[in-house]
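This report goes through a few local features of one protein structure. Please look at the sequence and the model first.

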Amino acid sequence: MKNKDTIGINSERLILLLIIIVSFISNYWIISPRNGFIFDDYSWLNTVKFNSYSDIFNFIPQSKYNDRSVGTIFIKLLFDSFGMDFIKHHVWLLLLHMINTILLFSFIKKVLKEINYNNAKFLPLIVVVIFGIFPRSLMAVQWDAAIFDLLGATLILLVLNIYVLRNLMVQYKVFHTIIIVVLYYLALRTKEMALTLPVILFIYETIKISILNNLSLKTILSSIKNNKLLIVLCFIMISYFLLLNHLPSAGNMTEDVTSPYYLSFNPIDIFKSLLKYLILYLNYTIPDFTFTKFNKLTITLLVFYIISFVISVYYLVKKKNYILILVFLAIAAAFSPVLPMKNMQHILYLYIPSIFLSIFFAIFLNFIVSVIKPVSFKISFILVLILSGYLLTFSEGISNFKEYWLSVSDNNRISITQLYQIKKPEKGATIYIENVKDSHNVFYYGPGFVNNIIFNDPTIKTELNPKSINKQKSYLLLDYDNGSLREIERREINQEMIIEETYPNKIIAGVSFNKQPNGDSALAVKGINISAGTKIIANDIVLETIISNDNIATVIIPNKMFEIKGVIKIQLKNNNLTSKEKLITVE
């Protein structure tokens, strides 16, 4: 018997490893060279580039929408570590999805242990096959700007794991309680979709007590009301919700009834939004990001959900089994923060609710597994499920979605490459870009946040398809015809090169400084308007100069210039322009 259990554990671990591998392979395109920065990435990259960690983090939100300090800090960590190397950014995003898959597996295992339920041995594997590989819900893994859903799911899954662990390890209850409260707060500051997590925990408690004690719903609710942790979390949830509603609106919160961000709290509108999200989750035929319309297929999917719901109600009424109906309510609770957006149901928002959708569908599939007798057949069923999930990644809708995404990314990367080849405009200049015909271009966000990032200057302004150009101020005119970027003309008013600082600013006679591997002494000059072609002149001698992107020039100073006490006269020169001199004392 012991040997059989060992074989079971080993089989489970091997299948879990296979799921992780297939999930990675299915999403490998995310870390390919074609998937660069895209869409809202530029807004967030601009934010983290020109703001410090203290500027980004607010303990209490400052606006109703998009004030997500923890997620923004994660993007800043990626940017500070890897700059504009999008592949390394995406590796970390894909790694987070792998972690989330393992955390979900761990959560289901803990739940089965707590409720002492031994008839669902394969349920954790089925859940993570759906969550880890199912491609329709994985848009959050593809780009930096979706870190709020991706990292938010991580924090939610950590709360779920520690909540069950708190019940299993009573001696650490206080410690686990503190960790849960902190993680819930971090989840709230990552994405507003974490708001209803206490409701989901309340649902879990109901399921657990109904299974362990076979009590009536009234008795269950009476028992749960003594759960102090849930009371604390519900208090935080309500307080946070009231706080958000008393804060000023962000720019994209609107009263325009045609806007995607228009909020309607009409129960009928909210119910319709839920149905649209449920249909989006299973609809593999379209490459669109959002729900478009009801058709024959969507009606079929809707009927499928109705049948699932009817089965859930049947188990509730006839067998006093609350599980399916309560998991269905958990799905609704997970969606609820985005349901008021009447005019937009976006697949990006499927990621966190897909945790509970995976559990719901896995319970149904586990009924099939429980009927199969030989263990080898059960394992074969799981393997077929893994293969089916992988094959779904090649379905027409998913393939077209990926190709569209990568084609937009391709155009963005070409534009960024061309931007790097253009001379940096003056500080505070306006970049005018002509012939920008579509909204899915690299300059749309901001507009022109990408210009601020590439040219490392937050004062640059960008205007698309200008009606007129102010030629009395510094400007750069670019043409974006057919996505090919080229400079047409520029005007630079403040061309004067200024030496701000030298490193070092004092030299000891005969003593090397900033010593290089070959023994030479290097001098660095920081200034304004230092660009490609700028040379450093030392005592009227033009020296070979290396230019950095951040207005810093470096040269090797000949030893004879500082052998004796005196001064070294430093100037900058570029074509016919020469800066004022700066004297460095040789003591």
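Is phenylalanine 39 buried or exposed? At a relative accessibility of 5%, phenylalanine 39 counts as buried. The model is a predicted one, and the values below were computed from it.

**Backbone features**

Phenylalanine 39 belongs to the loop between helix H1 (2-26) and helix H2 (41-49). Its phi is positive, about 50°, although this residue is not a glycine. Asparagine 514, also not a glycine, has a positive phi of about 40°. Asparagine 514 is placed in the loop between E6 and E7, and with 41% relative accessibility asparagine 514 counts as partly exposed.

Proline 504 is in the loop between strand E5 (498-503) and strand E6 (506-507).

**Aromatic rings**

The count of aromatic pairs comes to 34. One of them joins phenylalanine 289 and tryptophan 405, a tilted pair with 6.0 Å centre to centre and 55° between the planes. Phenylalanine 289 lies in the loop between helix H12 (267-282) and helix H13 (296-319), while tryptophan 405 is in helix H17 (residues 396-420), so the pair ties together parts that are 116 residues apart in sequence. Both phenylalanine 289 and tryptophan 405 are buried.

Tryptophan 405 also pairs with phenylalanine 401, again in a tilted arrangement, with 6.0 Å centre to centre and 40° between the planes. Here both residues lie in helix H17, four residues apart, about one turn of the helix. How buried is tryptophan 405? Its relative accessible area is 0%; for phenylalanine 401, which is buried too, the value is 5%. Both count as buried because the cut-off is under 20% relative accessible area.

| Charged residue | Ring | Distance from ring centre |
|---|---|---|
| Arginine 68 | Phenylalanine 148 | 5.3 Å |
| Lysine 76 | Tyrosine 53 | 5.1 Å |

In the second, the charged end of lysine 76 sits over the ring of tyrosine 53.

**Cavities and pockets**

How many cavities of 30 Å³ or more does a search of the whole structure find? The search finds three. The largest cavity holds about 140 Å³ of space. Its lining has 15 residues, and Asn27, Trp29, Pro135, Gln142 and Ile398 lie nearest its centre. H17 supplies the largest share of this lining, three residues. By type, the lining of the largest cavity has nine nonpolar, four polar and two charged residues.

The largest pocket has a volume of about 1,100 Å³. It is lined by 37 residues, and those closest to its centre are Lys424, Ile530, Ser531, Asn549 and Asn551. H17, helix H18 (449-454) and strand E7 (521-528) are the elements that give two or more residues to this lining. The largest share, three residues, comes from E7. The lining of the largest pocket divides into 17 nonpolar, ten polar and ten charged residues.

How values were computed. Residues are numbered from 1 along each chain as its sequence is written. This is a predicted model: local features need pLDDT of at least 70, side-chain atom pairs count only at pLDDT 80 or more; totals for chains, interfaces and linings use all residues. Side-chain values use heavy atoms; hydrogens and water are left out. Rings of Phe, Tyr and Trp (its six-membered ring) pair if their centres lie within 6.5 Å; planes under 30 degrees apart count as stacked, over 60 as edge-to-face and the rest as tilted. Buried means under 20% relative accessible area, exposed over 50%, partly exposed in between (1.4 Å probe, protein chains only). A charge sits over a ring if NZ of Lys or CZ of Arg is within 6 Å of the ring centre and within 35 degrees of the ring normal. On a 1 Å grid over the protein atoms alone, a cavity is a set of points where a 1.4 Å probe fits but cannot get out, and a pocket is an open set with protein on both sides within 12 Å along at least five of seven lines; lining residues have an atom within 4 Å of a point. Grid points are joined across faces, edges and corners, and a volume is the space filled by probe spheres set on the points. Ala, Val, Leu, Ile, Met, Phe, Trp, Tyr, Cys and Pro count as nonpolar, Asp, Glu, Lys and Arg as charged, and the others, Gly among them, as polar.
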